[in-house]
Amino acid sequence: MQPPLTIVHAPYGNGSPYVPTLAERVPQDPVGGDMVTLWFLTTPGDAAASVTLYWTRNGRPQTPIGGRPQGRYESFDQWVFELDVVEAGDEVTYWLDAAIGTAHSVSDTFSFVTRRLR
């Protein structure tokens, strides 16, 4: 029996501004005009057949984004998603749905508000 499919995402990584992790948000605190990249892991490796990122901007659903695998390993797979350029003050909410056969695993919901440059 295969272990359950799990999704890992830590928007702020391990808290270090110098050592990125494999499942964080880049940039961690977006500023208006930034392109936001989201990294996720699924475990076990080579299990997820598809992953889809769902997101909203200022409460309005945006077009879902299919994941691109950046690496497939025995213990995990790494996925990357690129959001549109965010504007200052945007409220963004996002979550991931990963499928393995007919079963789905859904991540927690994450959010951020885009900062303004001073």
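1. Let's start with F81. Setting aside residues within four places of it in sequence, F81 is in contact with V36, T37, L38, F40, V51, T52, L53, I65, G66, G67 and L96. Keep in mind throughout that this is a predicted model.

2. F81 also turns up in the largest nonpolar core, a set of 21 residues. The members with the most contacts inside that core are L38, F40, L53, F81, L83 and Y94. Strands β3 (35-43), β4 (50-57), β8 (77-85), β9 (91-100) and β11 (110-113) each put in at least two residues, and β9 gives the largest share, with four. As background, nonpolar side chains in soluble globular proteins tend to be buried together.

3. Now the aromatics. Searching the whole structure turns up six aromatic pairs. One of them is Y54 with W95, a stacked pair with 6.1 Å from centre to centre and 20° between the planes. This pair ties together distant parts of the chain, with Y54 in strand β4 and W95 in strand β9, 41 residues apart. Both partners are partly exposed: Y54 has a relative accessible area of 32%, and W95 has 28%.

4. Then there's Y73 with F76: the ring centres are 5.0 Å apart and the planes sit at 45°, so this pair is tilted. Y73 is partly exposed too, at 44% relative accessibility. Elsewhere, ring pairs join F40, F81, Y94, F110 and F112 into a cluster; F40, F81 and Y94 are also on the list of residues with the most contacts inside the largest nonpolar core.

5. Have a look at S105 as well, in strand β10 (residues 103-106). This serine is buried, with a relative accessible area of 14%. What does its side chain reach? The S105 side chain gets to the backbone oxygen of L5, at 3.1 Å. Beyond four places in sequence, S105 touches L5, T6, I7, L96, D97 and A98.

6. On the overall fold: there are 11 strands and zero helices. The radius of gyration is 15 Å, close to the 13 Å that the globule rule gives for 118 residues, so the protein is as compact as a globular protein of that length. Along the principal axes, the C-alpha atoms fill a box of roughly 55 × 35 × 20 Å.

7. Last, some whole-protein numbers. Of the 118 residues, 39% count as buried. The accessible surface is about 6,800 Å², and 53% of that belongs to carbon and sulfur atoms. Among contacts between residues at least 6 apart in sequence, 62% join residues at least 24 apart.

Note on methods. Residues numbered from 1 in each chain as written. Predicted model: local features only at pLDDT ≥ 70, side-chain atom pairs only at ≥ 80, totals over all residues. Heavy atoms only, no water. Buried < 20%, exposed > 50% of the residue type's maximum accessible area, 1.4 Å probe, protein only. Polar contact = N/O pair within 3.5 Å; in protein donor to acceptor, adjacent residues only side chain to side chain. Contact = heavy atoms within 4.5 Å. Core = buried A, V, L, I, M, F, W, Y, C linked by side-chain atoms within 4.5 Å. Rg over C-alpha atoms; globule rule 2.2 N^0.38 Å. Areas by Shrake-Rupley, 256 points an atom, 1.4 Å probe, with all protein chains shown as cover. Phe/Tyr/Trp six-rings, centres within 6.5 Å; stacked < 30°, edge-to-face > 60°.
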